[in-house]
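Biologist: I am new to this structure and would like to learn how to read it. Could you walk me through it, one feature at a time?

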Amino acid sequence: MSASIQLDRVSLTVPLYVQPERRARNWAAMLLGAAFDPPRRVHVPLLDEISFQAHEGDRVAILGRNGAGKSTLLRVLNGVYPMSSGSMQVKGSRQALLNMSLGFNGEATVRENIFLRGTAMRLKASDMSDKIESILEFAGLQEKSSHRLRTLSTGQKMRLGFAISTSVRHDIILMDEWVGAGDSDFMAKATERMKGHMSGSKIVMLASHSVGLLRSICNKGIVLEQGRLVYSGDVIPALEHYHDLMASLRSTVAMGAPDASDLATPLVYGCAEKISFDDGVIQLHGWITSTNGSTVQGVALEVAGVRYVSTSIVRNKRSDVARHFGLRDQNCGFTASFVIPHLTALENLGVELRILGGADGSSAHTPLRVAPAVTASVRGNVD
Amino acid sequence: MSVNERRMDVLQAPERDVSMHSLFHDLAASLRNPEFWALSSWLDIVVRNRQSRLGIFWLMSPALVYIWGMGGFFASMMHMPLAGFVAYVAIGYLVFRVISSAITDSTGAFATSAPFILDGHVRLTDFVLRVIATAMFHFIISLPVAALALAIYPDVHWIGLLFSLFSIPVVIINAMWIGVVFALVGARFPDLKHLVGNIFMFAFLLTPIIWHADTMPLGSIRGTLMRFNPFYHMVELVRAPILGQAIDSSTPLYLAVMTVGGWILAILAYRRYARFVPLWI
C-alpha cells in the first residue's frame, strides 16, 4: 500500500484559560488575585487553514519559529489532536518520535520497560522478545537490563527510548526537534540509524531548527508562522523563506518590537574547510552562518583546552553554500587568521583541536563541522 | 548496517485500530489486544512492593486491616459474634473497593497516561481497562483474606457463592462505564480527583459495610438515603446471596436501570468528548 498525507484547510482552534492581567499594587493583592480571579476563556487558533500534500519519497522539513505550530501540526498528523475544521487523509502506519524519554515505569526493570513501551506501540509480546537483546545492545545497556529504570541517568533513558522507538518500521515518521541524546559516540550511531530508519520509511516529516540536519535529510519543506502555512514546496526555497522570515523579524526587533525570545540565541552552524600555516599565522577557510540569518563574526580555535580568538576575519562570497542552505546572505564564507605563540607547524596543534563559532569572538562556543582536509592537515598527512 | 540492525528492522508496524468515536469499537479492540493495559497495570502493582521481603503479600495488608481489624473492632463494639460479622465486612469491602478504585483511579487515568496518549496511543479504552484491571488484581489478591472470613462463617450458602459468577460480572460491567465517564470528566476537570477522594470517606460510611443494612428500615429518611446509594445495591447483590440473606426488592430494578443508563451515558460521552481528551491533558 502506498503512503500519503493530504491536508485540506485544516484548522485547530482550542479554548485556553487565561488569568486576567491586573496590576497588583502589593504582594497580598497579587496572591489574592491568583486565588480568586476566575480564568477567562479565549479561543486561540493554533493552526489556520493548512493545506498540503505529501507523497511517497517526500522528506518534509517543517520550519518555523518556536510556537509557530510545528509540534501541533505533527500531533494533528499523528491523529492525537482533533481538527476543528478541514479534512485530513493519512494512508499508512505512522509513528511519532516526539519525545523519547517518556512513558516509562521508573520502578520496573529496563527489560520490563522495553516490553511496556513495545506493547504501547502495539507490538505483540511474542515479537518483542526477539528484539530485546538488540535494543539493549543499541542503547549500550546490556549489563543494566535487570536494573531499575530509576537508577539510569537521563542520557541512558533517552538512549533507551530512542532504541525502542526506532526498532519498528513505519510508513510515515513524524519527528520533532530531535535533541542530542547522550554522548557523541552514541549521537553518531543514532544519526546513522536515523538515516537508515528514514530511508526504510515512505514519508518523513521532520520539525527542527537545525538547518544542517534538515538539509541533509529533507527534499521538501513547509514554513509555518503563527499557525499559518506561509510556504510549501522544495526544501531550498522553503529555507529561503524561513531565513527571510527570521530576517524580517530581526529587523522589527531592532525597531523596538518585543518578542525577541527566538532571536536571543540563534543556532550557529558552519564548516572549517581548509587550514594552512604560513609565517607564524594560521589561515582558516570555511563558512559560517546562523539559523536566523544574522551575520556571525566570531571564530575561535581551542588547542589543548586553550582558546585563541581570531586576530582578523574576512568575509567572502560563497554562493554554493548559500544555494545549498537557502541563505539570503551570500557572504557566509570566511578566512580567519590566528596567531598562536611558539607554534612551528600545524601538526603541533594536536588532535584535540576544536574549531568554534559564535556571534563574536568571545561568544564562539559552537563546534563547527571539520572537513576531512583540515583533519588531514592537522595530522600531517597532506597529499 | 550491521546484522543486528537488519534483524531489528524486519518488524513492520501494525495499523492502528482506533476510532475515538465508538466506545464499543475501541473497547472491542482493547479487549482483543490486551497486552498493553494488562502489562502496564500488572507492572504498576507488582513493582511497588519489590523493595520489601514481603513483596506481593503486602497487597493483602489493606484487606487484612479492613476485614479483620476494623471488622473485629466493630463486631466487639456492637456486641456481635466475630464469626458472623467479618464475613459480612469482607464481601462488602471487596465489592466497594472495586468500584471505589475504579472511580478514584479513572479520574486521573488519562492525565497520568499523557505521555502515551500524546505519543499517538489514542485508544483511550486501554487506559480505562488499565484502571479496571488494577482494581480486579487487587480484588483477586484480597480473596484469600476474605475466604478466611467466609471459612469461619457458620452458614455459607453455596448456591449464593455460585450466584457470584453472575453478580461479580455485573459489578465489573458497571465499573467499566463508571470508569469511562469519570475518566472523561476527570480529564476535563482535574479538580475532580480531589473532590472524589473527599467524598469516598462519606460513601464508605453511607454504605452498609461496617453496619447492618437492616438497621435502616425502609420508611426512614436514612433508609431512603441508603437505597439511593448505588454502592449499597452492588454490595447487596454480591453479598446477600452468599450469606443467605434476602436481596432488597428494589435492587434488581435499580441495578438494571443503572447499568443500561450508565452505558448509554458512557457511549454518548465517549462519542462526543473522547477526541478532545488529548487537548485537555
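Modeller: Gladly! Let us begin with a definition: helices (H or I, at least four residues) and strands (E, at least two) are DSSP runs, numbered from the N terminus. Please keep in mind that this is a predicted model, where local features need pLDDT of at least 70, side-chain atom pairs count only at pLDDT 80 or more, and totals for chains, interfaces and linings use all residues. Residues are numbered from 1 along each chain as its sequence is written, while chains are lettered from A and ligands numbered from 1 in the order in which they are written.

Biologist: Thanks! What pattern does chain B follow along the sequence?

Modeller: Reading along, chain B goes α-α-α-α-α-α-α-α-α-α-α-α-α-α.

Biologist: How do I read burial, and what share of the residues in chain B is buried?

Modeller: A residue is buried if 20 or more other C-beta atoms lie within 10 Å of its own, exposed if 12 or fewer, and partly exposed in between, with C-beta atoms placed from the backbone. In chain B, buried residues make up 37% of the 281 residues.

Biologist: And which residues have the most contacts inside the largest nonpolar core?

Modeller: A nonpolar core is a set of buried Ala, Val, Leu, Ile, Met, Phe, Trp, Tyr and Cys residues joined through C-beta atoms within 7 Å. Here the largest one has 167 residues, and those with the most contacts inside it are Ile62(A), Met205(A), Leu206(A), Val95(B), Ile99(B), Val128(B) and Val180(B). Helix H5 (residues 82-107) of chain B gives the most to this core, with 15 residues.

Biologist: Let me pick one of those. Which residues is Val128(B) in contact with, leaving aside its neighbours within four places in sequence?

Modeller: Two residues are in contact if their C-beta atoms, placed from the backbone, lie within 7 Å. With those neighbours left aside, Val128(B) touches Ser106(B), Ala109(B), Met176(B), Gly179(B), Val180(B) and Ala183(B). For chain B as a whole, take the contacts between residues at least 6 apart in sequence: 78% of them join residues at least 24 apart.

Biologist: Now chain A, please. Into which domains is it divided?

Modeller: Domain bounds come from an automatic or database domain assignment. Chain A is divided into domain 1 (4-92 + 210-239), domain 2 (103-169 + 178-192) and domain 3 (268-379). Taken over C-alpha atoms, the centres of domain 1 and domain 3 of chain A are separated by 37 Å. The contact between these two takes seven residues from domain 1 of chain A and five residues from domain 3 of chain A. On the domain 1 side, helix H7 (211-217) and helix H8 (235-254) of chain A each supply at least two residues; H8(A) gives the most, with four residues.

Biologist: How do I read the strands and their pairing?

Modeller: Two strands pair if DSSP finds at least two bridges between them. In chain A, four strands form an open sheet in the order S13-S12-S16-S17, with antiparallel pairing. S13 and strand S17 (366-367) of chain A stand at the edges, each with a single partner strand, so one side of each is left without a neighbour in the sheet.

Biologist: How many bridges join S12(A) and strand S16 of chain A?

Modeller: Five bridges, in the antiparallel sense, link S12(A) to strand S16 (residues 354-358) of chain A. Val299(A) stands opposite Gly357(A) in S16(A). Strand S12 (residues 298-303) also pairs with strand S13 (residues 306-309) of chain A, antiparallel over four bridges, and there Ala300(A) faces Val309(A). S12(A) and S13(A) form a hairpin with two residues between them, and Ala304(A) in the turn has a positive phi of about 50 degrees.

Biologist: Which strands does S10(A) pair with?

Modeller: Strand S10 (residues 268-278) and strand S11 (residues 281-290) of chain A pair in the antiparallel sense over 10 bridges. Gly270(A) has Ile288(A) as its bridge partner in S11(A). S10(A) also runs parallel to strand S18 (residues 369-370) of chain A, joined by two bridges; there Cys271(A) is partnered by Arg369(A).
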